[in-house]
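Dear colleague,

I am handing this structure over to you, and below it you will find what I noted while going through it. Please read the notes with the structure open beside them.

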Amino acid sequence: MMWRFYEPVELFFGKDSLLENGKLIKSLGKKCVITTGKSSKKNGSLDDLENVLKQLGIEYEIYDEVKENPSFDMLRDALSKYKGEKVDFIIGLGGGSPMDFAKAFSVLLANPELKVPEVFDTEKYSKMLPVVAIPTTSGTGSEVTQYSVITDDNGNKGGFGTAFTFPTLSFADPKYTVTMPDHLIMSTGIDALSHAVEGYVSKRSSPFVKLLAKKAIALIKDYLPKAMENPENFEYREKMMYASTLAGMVIAQAGTTVNHAFGYPVTTFKGIKHGQATGMFLVETLKVMSEEAKEEVEEAVEVFGGLDGLESFLKEVGVYKADIEASEEEVKTWAERTSKAKHLAVTHGNFDFDKVKRIYEEVLLKKLEK
Ligand code: ZN
């Protein structure tokens, strides 16, 4: 069996990893833009970053308008402010949204001839400005992946990811996650769990990917409930951040499966957070995948004692607690889109329109606790 592992990110993990190793940022240039949301002011990460940049004499501007599920319009807004300025690199600070945004913004600044939607077409460009990624949640793993997920002008999620869109440097410090509210601990933790499980069963999985995924899954099973019960506990937060970083490395190699595509419309059109929206379909999609990859699915959920055990776990942490009203027409549109998702290229099992529609109905009508 032949496999490849490509992870060209210099990652520092642990308490004070940014404060102690931030000097490496100096090699990236003299001026940067920090893309972030509002919470980085509250969790201490922006203070740390500004201190590091000041000490290094790096000029910086703060673009703190990045919101959840970043869109083409947000990119246009940022470009209108910084296009034409001499910017050497971008720092994405926050959850998945600011980090994904940083990658897309960096591509568009480095390739000024591109129109914003063309950022999805990685055949049209071959470079981006260096990106530094500093996560303040434990879920997306964006600090170690090439992926950027952006909402297009029609409200649909799309994305890109290729060999040269990884961050150059990443600093993962669990102390920035200690102020995360409860529902965010759950949602981001379940996102990481989905990454690990989906990567494990992906057609692009490999023995090394499975090793990382197994570790991530076991950590999340043990520490997500603990982190939710004891939000101030640093050790639990550290374990969750470790798990989400491992799960990020998993999807950087193996990609996510169609399960992720199931969650997208529930997030963009019904406002359910990405991790929760993804987690609520996991058991049903794994059942279909196991028709073709029984052994992989069994191994992936082994620590839960099987799919029923996984379902109990998801129920316990609150994944199925969601009030979603969706019309028949909406479900039909979602099913049409999801049954053509590009994730299907790496997904085992047959996900035709009827099956996808049935899964949407099954989850939305029967599983959710309103
Ligand atoms: Zn995800």
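Please keep in mind throughout that this is a predicted model. I begin with S290, which lies in helix α10, a helix that spans residues 282–290. With a relative accessibility of 19%, S290 counts as buried, because the cut-off for that word is under 20%. The side chain of S290 reaches the backbone oxygen of K287, at 2.8 Å.

The next site to look at is the zinc ion, which is coordinated by D191 through OD and by H195, H260 and H274, each through NE2, at 2.1 to 2.2 Å. The angles among the four donor atoms run from 84 to 169°, and the site of the zinc ion is irregular. Along the sequence, the donor residues follow the spacing D-x3-H-x64-H-x13-H. H260 belongs to helix α8 (residues 258–270) and H274 to helix α9 (residues 274–279), so this pair ties together parts that are 14 residues apart in sequence. Both H260 and H274 are buried.

Helix α3, residues 72–82, has as its buried residues F72, M74, L75, A78, L79 and Y82. These residues cover an arc of only 155° around the axis, which means that they lie on the same side of α3. Among the elements that cover the buried residues of α3 are the strands β2 (31–36), β3 (59–63) and β6 (148–151), together with helix α4 (96–110). After α3 comes G84, and the phi of G84 is positive, near 95°.

Finally, a few words on T245, which has its place in helix α7, residues 234–254. Is T245 buried or exposed? T245 counts as buried, because its relative accessibility is 3% and the word applies to values under 20%. If the neighbours within four places in sequence are left aside, T245 is in contact with L11, F13, E143 and V144.

Methods:
Residues are numbered from 1 along each chain as its sequence is written. This is a predicted model: local features need pLDDT of at least 70, side-chain atom pairs count only at pLDDT 80 or more; totals for chains, interfaces and linings use all residues. Side-chain values use heavy atoms; hydrogens and water are left out. Helices (H or I, at least four residues) and strands (E, at least two) are DSSP runs, numbered from the N terminus. Buried means under 20% relative accessible area, exposed over 50%, partly exposed in between (1.4 Å probe, protein chains only). A polar contact is a pair of N or O atoms within 3.5 Å; within protein, one must be able to donate a hydrogen and the other to accept it, and residues adjacent in sequence count only if both atoms are side-chain atoms. The arc is that of the directions from the helix axis to the C-beta atoms. Contact means heavy atoms within 4.5 Å. Donors are N, O and S atoms within 2.8 Å of the metal (3.2 Å for Na, K and Ca); water is not among the atoms, so sites may look incomplete. Four donors count as tetrahedral if all angles lie between 85 and 135 degrees; four count as square planar and six as octahedral if opposite donors are over 155 degrees apart and all others between 65 and 115; anything else is irregular.
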